[in-house]
Amino acid sequence: MIRVFLLDDHEVVRRGLVDLLQAAGDIQVVGESGLAQEATRRIPALRPDVAVLDARLPDGNGIDVCRDVRAVDSTIKGLILTSYEDDEALFAAIMAGAAGYVLKQIKGTDLVDAVRRVAAGQSLLDPAVTQRVLERIRNGVEQPRELASLTDQERRILQFVAEGLTNREIAGRMFLAEKTVKNYVSSLLAKLGLERRTQAAVLATKLLGERPHRAGGPI
């Protein structure tokens, strides 16, 4: 039997997924949750073969849950289930070690097949997308020397600052809490010796070739 844990904040969706997966005959749902923090605690203890994780949750996101769970037990496979097709989310999912990333519009039979394939050790991530991620990682080491002190996450946030995105918009793009983004922005400003995000946007435009739009908002 393939042991599965479900994380989705909508109870009706979870009920439907439980019925769908267990009707397959070779899948057993061993646990479920509607909250990221609870799932992060329970999944390692239950040791499912596959954790089906909703990307967006009231107290976090399934991508962070995937990363945290796999840091404890790398044998647990993460399958991200989301309503949104987003390159940034795909990038984050791959970096978190997810084995698959599927849209909620997927047919029931295809989702069952996806769980089976992930449990068998296969990857459902598009090779082209994975290649783009690898290129981004490689390019990261070629960043201008002025940005050498920044982490990869801070560089990505700096790029979004240069595009004029607010902290809330950046949080949505990167599947992070808005407070977490604010902390990252404060950290990168300190490392760059700057006081305002406007200055960071100008610097990023110069070094990264990004075009600022409305970067004059608060940190």
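A residue counts as buried here when its relative accessible area is under 20%. Keep that cut-off in mind for what follows, and remember that this is a predicted model.

Start with arginine 14, which sits in helix H1 (residues 11-22). Leaving aside residues up to four places away in sequence, arginine 14 touches Leu6, Asp8, Asp9, Glu32, Ser33 and Gly34.

| Helix | Residues | Number of residues | Expected span | End-to-end C-alpha distance |
|---|---|---|---|---|
| H5 | 108-119 | 12 residues | 16 Å | 17 Å |

For H5, the reach is close to what 1.5 Å a residue predicts. Its buried residues are Leu111, Val112, Ala114, Val115 and Val118. These cover an arc of only 155° around the axis, which puts them on the same side of H5. The cover over them includes H1, the helix that holds arginine 14, along with strands E1 (2-7), E2 (27-33), E3 (50-54), E4 (77-82) and E5 (100-103). After H5 comes glycine 121, with a positive phi near 95°.

What about H9: which of its residues are buried? They are Val181, Val185, Leu188, Leu189 and Leu192. Looking down the axis of H9, these fall within an arc of 100°, so they line one face of the helix. On the face turned away from that buried side, you'll find the exposed residues Lys179 and Ala190. Glycine 193 follows H9, and its phi is positive, near 70°.

Note on methods:
Residues numbered from 1 in each chain as written. Predicted model: local features only at pLDDT ≥ 70, side-chain atom pairs only at ≥ 80, totals over all residues. Heavy atoms only, no water. Buried < 20%, exposed > 50% of the residue type's maximum accessible area, 1.4 Å probe, protein only. Helix = DSSP H or I, 4+ residues; strand = E, 2+ residues; numbered from the N terminus. Arc of directions from axis to C-beta. Contact = heavy atoms within 4.5 Å. Expected span 1.5 Å × (residues − 1).
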